[in-house]
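Please keep the sequence and the structure in view while reading.

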Amino acid sequence: MTKLFSFKDENKTNINWNNCSNTVRSILEGYLAGKEISVQDGIELFSAGPTDEKFICDIANQIRKKKTGDVVSFVVNRNINFTNICYMGCKFCNFSKRIEDKGAEWLTLEQIVERAKEAYSRGATEICVQGGLHPKLSANFYRDILLSVKKRNSRPTYTRIFSV
Ligand code: SF4
């Protein structure tokens with residue numbers, strides 16, 4: 001891919017805008033000058049054809065490079081599903097089971113904590129706890145999950161809980 005500009009000449013006046021549409025150029029120039037991208041601008045950028053796309057991608061990459069360099073970071077995560085029992089009934093879901101279904105499971109607090117401990121011992125820096133909407137779980141159970149996982153772990157970890 002042809003570079004439109006580099007770190008050394010990232011000044012927008014050095015960008016070779018040949019073949020870029022006026023609309024996309026105007027949006028990108030505005031952004032580089034500090035203007036926020038509006039919803040309408042976003043729609044224009046998402047609708048861009050292959051030629052304009054090169055400009056959008058290259059500029060996005062240069063901005064990314066300027067902000068974070070080539071450093072890549074990651075978290076070691078374990079996702080603990082404390083129950084697959086869910087009565088929501090989302091049509092796209094291939095995960096949930098009814099309480100009477102074969103394979104329906106519901107982890108106890110101890111089991112959840114054990115899985116979290118196992119994850120920490122293997123270097124996890126983030127724990128996600130997710131589950132279906134179990135009809136018989138009280139609100140206290142959700143609070144207790146949070147307290148138990150945090151209490152039994154002294155290491156600084158990021159705990160994300162209760163997204164579905
Ligand atoms: S809430 Fe989640 S687990 Fe329940 S049916 Fe919807 S997608 Fe599946």
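## Overall architecture

The model is predicted, and its protein contains 5 helices and 3 strands, which follow one another from the N terminus in the order α-α-α-β-α-β-α-β. Of the 164 residues in the protein, 15% are buried. Among the contacts with a separation of 6 or more, 67% are made by residues 24 or more positions apart.

## The strand pair and its crossover

The strands β1 and β2 run parallel and are joined by 6 bridges; together with α4 they make up a right-handed β-α-β unit. Within this pairing, Ile 80 stands opposite Val 129 in β2, and Asn 81 stands opposite Gln 130 in β2.

In a regular strand, side chains alternate between the two faces of the sheet.

In soluble globular proteins, nonpolar side chains tend to be buried together. Here the largest nonpolar core has 10 residues, namely Ile 80, Phe 82, Ile 112, Ala 116, Ala 119, Ala 124, Ile 127, Val 129, Ile 145 and Val 149. At least two residues of this core come from each of β1 (77-83), α4 (109-121), β2 (126-131) and α5 (139-151), and α4 gives the largest share, with 3 residues. Another core, of 6 residues, lies apart from it and includes Cys 20, Val 24, Ile 27 and Phe 55.

The two residues Ile 80 and Val 129, which stand opposite each other in the strand pair, are both members of the largest core.

## The ligand shell

Around the ligand there are 10 residues, of which Cys 86, Met 88, Cys 90, Cys 93 and Gly 132 come nearest. The shell divides into 7 nonpolar and 3 polar residues, with no charged residue.

## Two loop residues

Two loops of the model hold the residues Ser 96 and Arg 122: Ser 96 lies in the loop between β1 and α4, while Arg 122 lies in the loop between α4 and β2. Is each of these residues buried or exposed? Ser 96 counts as buried because it has 20 C-beta neighbours inside 10 Å, whereas Arg 122 counts as exposed because it has 9 such neighbours inside 10 Å.

Once neighbours within four places in sequence are left aside, Ser 96 is in contact with Asn 84, Cys 86, Met 88 and Gly 132; of these partners, Cys 86, Met 88 and Gly 132 are also among the residues that come nearest to the ligand. Ser 96 and Ile 85 are 11 residues apart in sequence, and their C-alpha atoms are 5.5 Å apart in space. For Arg 122 and Val 76, the separation is 46 residues in sequence and 8.9 Å in space, again from C-alpha to C-alpha.

Methods:
Residues numbered from 1 in each chain as written. Predicted model: local features only at pLDDT ≥ 70, side-chain atom pairs only at ≥ 80, totals over all residues. Near = placed C-beta within 6 Å. Nonpolar A, V, L, I, M, F, W, Y, C, P; charged D, E, K, R; others polar. Core = buried A, V, L, I, M, F, W, Y, C linked by C-beta atoms within 7 Å. Buried ≥ 20, exposed ≤ 12 C-beta atoms within 10 Å, placed from the backbone. Helix = DSSP H or I, 4+ residues; strand = E, 2+ residues; numbered from the N terminus. Contact = placed C-beta atoms within 7 Å. Pairing = 2+ DSSP bridges. Right-handed = clockwise from strand over helix to strand, strands pointing away.
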